[in-house]
Amino acid sequence: MADSKLDLLQGTLDLMVLQTLSTLGPLHGYGIARRIEQVSGNEVLLNQGTIYASLVRLQQRGWIFAEWGTSDNNRKAKFYSITKRGRKQLTEDAAYWQRLSIVMSRVLSISDSEEGAKS
Amino acid sequence: MNFCSTLLRLRNLFQKNQLDRDLHDELSSHLQLHIDDNLRSGMTPAEARREALLKLGGLQQSIESVRDRRGFPFLESLLRDLRHAARLLRNKPAFTAVVVLTLALGIGANSTIFAMVSRFVLHSAAVGDPSTLLALHTTDQNECCNSFSWPLFTDVRDNSQSFSGVTGFYELLPASISGNGDPQRLWGQATTTNFFDVAQLQLALGRGFRSDEQSSPVIVLGNRVWKSRFNSDPNILGKSLTLSGHPYTVVGVAPPLFRGIDLFLDTQFWVPIGNIDQLLPNTSHFDSRDYHWIVVAARLKPGVTHAEASSELQVLAQRFAQAHPNTDRGLGFRFEQAGSLPPRDKNAILLFLGTLMIIVFLVLLIACANVANLFLAQAAGRQHEMAVRIALGATRSQLLRQVLTESTLLSLLGGALGTLISLWATNSLSAFRFPVPVSLDLNVSVDSKVLAFTFLLSLATGLLFGLLPAWTAAWRFPSTALKGEDALARPGRFWTLRNFLVVAQISMSLVLLCVTGLCLRSLRSASNINIGFRSSGVLAMSVDPRLHSYTPERTVQFLAELQRRVSVLPGVASSAVTDALPLNGGHRSDGIQALGKKPLDPTPSAELYMASPGYLDTLGIHLIHGRDFSNESTASPRVAIVNQVLADKLFPNENPIGQTVFGGGVNYEIIGITNNIKSRFLGEDLRPVLFRSLAQTVANDPSFEGYTVLAATNADSPSVTASVRSAIRDMDPTLAVFNEETMEHHLRGALFLPRLAGTLFAVFGIVGLLLAAIGLYGVMNYTVSLRAREIGIRMALGAEAVGVQRLIVRQGLQLTAIALAFGLPAALLVAKLFNSILYGIQPHDAVTFISIPIFLATVAALAAYLPARRASKVDPATILRSE
């Protein structure tokens with residue numbers, strides 16, 4: 001996991017999972033995956049298996065916890081909920097991402113206009 | 001990774017199965033939910049399942065990716081490697097046993113010597129905060145090191161600003177303790193009252209001395225005495241005991257580990273220093289600035305550095321030197337952390353231990369070379385396995401790790417066994433008793449430092465001997481191994497690394513074995529040296545009447561009466577009294593000159609012994625001329641008997657009888673001449689000896705080590721020992737009897753050095769021999785496996801088993817011959833170094849240097865024969881078919 005691109009992606013996925021749990025409440029892995037796909041307008045091509053690596057990671061950090069329960073259509077499933085520390089982390093991370101995305105779009109638009117000026 | 005998630009991961013490692021099941025359940029439920037959705041949207045069951053699996057990215061792959069996240073993949077694979085390695089080793093018990101034993105010998109030798117280093121070099125005194133307690137010494141013109149005089153001690157105590165406390169003590173105070181059983185002789189210390197405060201010592205019971213107890217009869221007991229003599233009596237405080245005839249009150253008991261500040265002494269009691277006149281009567285110059293007798297320890301004030309203390313002491317020394325030019329000129333101070341090696345012996349001890357460390361380290365290196373050889377041989381056999389594993393997708397670093405895991409596991413096993421060996425070895429080392437009259441604590445044990453050292457050493461050893469084979473296994477073999485070709489075999493080369501290692505090993509062990517042989521032969525001849533007096537059938541035991549306030553007159557009367565009583569005991573042929581037995585490492589000596597002649601230059605130094613009438617008879621010393629002592633008294637002129645060497649020196653061409661000699665301010669008339677005796681050490685050249693009349697000497701020059709009554713026995717000694725002891729008790733039941741020994745026992749002490757050298761080198765020699773034999777065996781074994789095909793073909797073509805055996809053994813003997821050619825001159829050179837501790841044999845002793853090489857060659861031939869026999873039993877058909 002030395003690849004920096006992968007790290008960024010992981011961080012993104014973690015944030016998405018936290019946000020999903022924060023807004024929808026307790027949810028199983030499949031539910032989280034579906035929700036992320038829906039919200040992103042199916043733009044994220046999600047290998048659903050990676051969700052579980054992310055869930056383990058978030059559990060280890062104490063940001064979410066899990067318990068077995070029953071789904072709407074009566075299937076046994078493991079449900080994840082966000083913890084207090086998880087919410088705190090979410091606020092911090094969300095703020096960070098917003099700042100980053102503002103800066104990024106600013107940077108990209110500058111370079112666009114400059115290139116435009118040159119040509 | 002923070003601590004909490006580390007813990008979780010660790011837990012995960014051990015709940016692996018349950019977690020795997022859980023994960024499997026969860027992913028199955030995920031699939032099920034997805035399939036339900038897909039079915040709802042109108043897919044066929046098969047389509048629904050396929051789509052769900054595709055989206056998940058495969059069930060097994062998902063499980064793997066989560067697993068990597070969950071535990072420590074590194075640790076898991078380490079455990080897997082360990083299991084694999086353990087299985088491999090279990091399958092090759094002989095190989096495992098040989099390797100573990102080899103390493104255990106090497107590692108055990110190292111941890112034994114390190115135990116000595118830990119005890120004598122890394123040790124700090126068992127006091128509170130040992131780092132700020134300093135042992136102070138005086139120096140004279142920078143010459144190290146002496147004790148303090150009392151006035152100098154008080155000057156330093158009262159004037160120095162660097163120390164929060166300065167304590168002084170008399171280090172070696174003999175006393176006999178009575179009450180509660182037989183009187184017993186102990187060594188204690190007389191200390192200033194602040195001793196226990198400066199040492200910051202938490203006593204096991206009671207307290208140290210109060211400042212108003214400078215001359216009070218109070219005593220702090222050592223823990224061992226308290227245990228052995230008083231059965232760990234918890235109510236001992238306030239009880240009274242008799243110390244050298246004076247009543248003392250117990251106020252404290254020292255903690256178990258504390259045996260004084262010094263590194264070696266085994267102190268058993270402490271009394272305030274004001275009692276020293278009483279406990280050491282007839283010594284009256286305690287207050288003189290000339291008499292250096294007090295040992296000083298000082299506690300640094302917090303925040304004061306060693307450099308600051310040192311420069312302050314330097315200023316003080318100059319001031320004292322000006323104020324007292326007669327006694328303190330050239331005075332200086334020196335200190336080191338209390339409980340360190342005494343500065344005077346420091347270099348010698350460090351050199352001794354350093355040499356031993358190097359020797360055992362070489363032994364370990366040889367062991368490593370050995371094991372690496374065995375591993376290489378194994379690697380040859382495992383090329384196929386390795387090739388298959390690489391072909392199946394194992395990475396090279398995985399193979400490297402696997403081989404290293406195996407070698408480390410072996411070395412740790414070796415380390416564990418080595419620890420057992422060093423436990424045994426330190427035990428036997430501690431059993432050696434130094435032939436000195438004071439009691440020393442020289443116990444060496446395996447402590448936590450030694451254990452840590454052993455562990456690290458084992459780990460390092462495993463990596464060291466594993467690296468080369470691991471490298472070979474992972475990198476050196478090409479893909480041809482898969483086809484059954486042996487990449488490591490390079491037939492036709494004789495000087496391979498392996499052969500070189502074996503030659504080096506055999507030469508080294510030849511050197512070790514030769515030294516061992518010399519030491520053992522010297523021990524034998526030392527026990528046959530003519531010592532000039534009776535070597536058996538004499539009993540000795542000592543008493544010290546001076547410690548019981550006997551006057552010199554009463555002492556002489558007592559000893560004369562004791563001699564008379566012992567001489568009439570059944571089983572006793574004759575008896576005598578002396579101050580100390582010969583061969584005790586050096587007793588007393590003085591320069592002796594003939595009166596009325598030109599003084600000899602240098603002044604001959606003669607060993608001085610006190611002797612009662614009958615002494616020569618009892619010890620079997622032959623009187624050549626003149627007469628024995630009879631009933632001399634202090635009033636009559638002083639007389640002496642000298643040995644042949646001294647007589648020849650002082651009176652080369654005339655009759656010494658009737659002549660007068662002087663030494664130590666006393667004139668002696670010579671009344672007899674005896675044969676020469678060994679006086680200090682067995683190996684010495686003959687020394688001048690002068691026997692003085694005991695009765696005439698006790699008053700002026702008393703013995704500090706007590707007096708010894710001797711009985712020449714012609715019966716069973718235990719019963720005589722008991723009756724001599726009871727003769728003493730009948731005369732004075734409070735006298736402690738000590739140094740009770742037979743002459744045989746005494747001479748064993750005199751053989752201490754040759755015995756120690758003999759034992760140490762016998763051990764190293766045998767270890768070296770074992771290692772060399774194992775090494776040769778390993779290499780020959782390997783050769784056989786390399787040449788299996790050749791041997792098979794030879795046998796198929798009609799070679800006989802004997803011929804094949806000869807072929808292999810000859811190669812082994814070739815190596816041995818080369819090794820002997822190198823080793824023998826080296827051994828002769830090394831033997832010269834040992835000249836000073838060899839008794840009665842030459843360093844180029846023919847017996848040793850002929851028999852040891854033959855012995856070694858025999859062992860080598862045997863080590864080569866075993867694989868040779870195996871080779872000759874090979875079935876040619878099997879070999880040829882397997883190719």
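The legends below describe close-up views of a predicted model.

**View 1. Fold of chain A.** Chain A holds four helices and three strands, arranged along the sequence as α-β-α-α-β-β-α, where helices (H or I, at least four residues) and strands (E, at least two) are DSSP runs numbered from the N terminus. Of its 119 residues, 36% count as buried, that is, under 20% relative accessible area with a 1.4 Å probe and protein chains only.

**View 2. The interface between chain A and chain B.** In this view, 24 residues of chain A are in contact (heavy atoms within 4.5 Å) with 24 residues of chain B. The area buried between the two chains is about 2200 Å², with 53% given by carbon and sulfur atoms; buried area is the accessible area (1.4 Å probe) that two parts lose on being put together, summed over both. On the chain A side, Tyr30(A), Tyr52(A) and Gln60(A) lose the most area to chain B, together 32% of what that side buries.

**View 3. Salt bridges and contributing elements.** Four salt bridges are counted between chain A and chain B, each a side-chain nitrogen of Lys or Arg within 4 Å of a carboxyl oxygen of Asp or Glu. One of them joins the side chains of Lys78(A) and Glu26(B) (4.0 Å, N to O). Helix H2 (29-39), helix H3 (49-60) and strand S3 (76-82) of chain A each supply at least two residues of the side that touches chain B, and H3(A) gives the largest share, seven residues.

**Notes.** Residues are numbered from 1 along each chain as its sequence is written, and chains are lettered from A in the order in which they are written. Local features need pLDDT of at least 70, side-chain atom pairs count only at pLDDT 80 or more, and totals for chains, interfaces and linings use all residues, while side-chain values use heavy atoms, leaving out hydrogens and water.

Note on methods:
Buried < 20%, exposed > 50% of the residue type's maximum accessible area, 1.4 Å probe, protein only.
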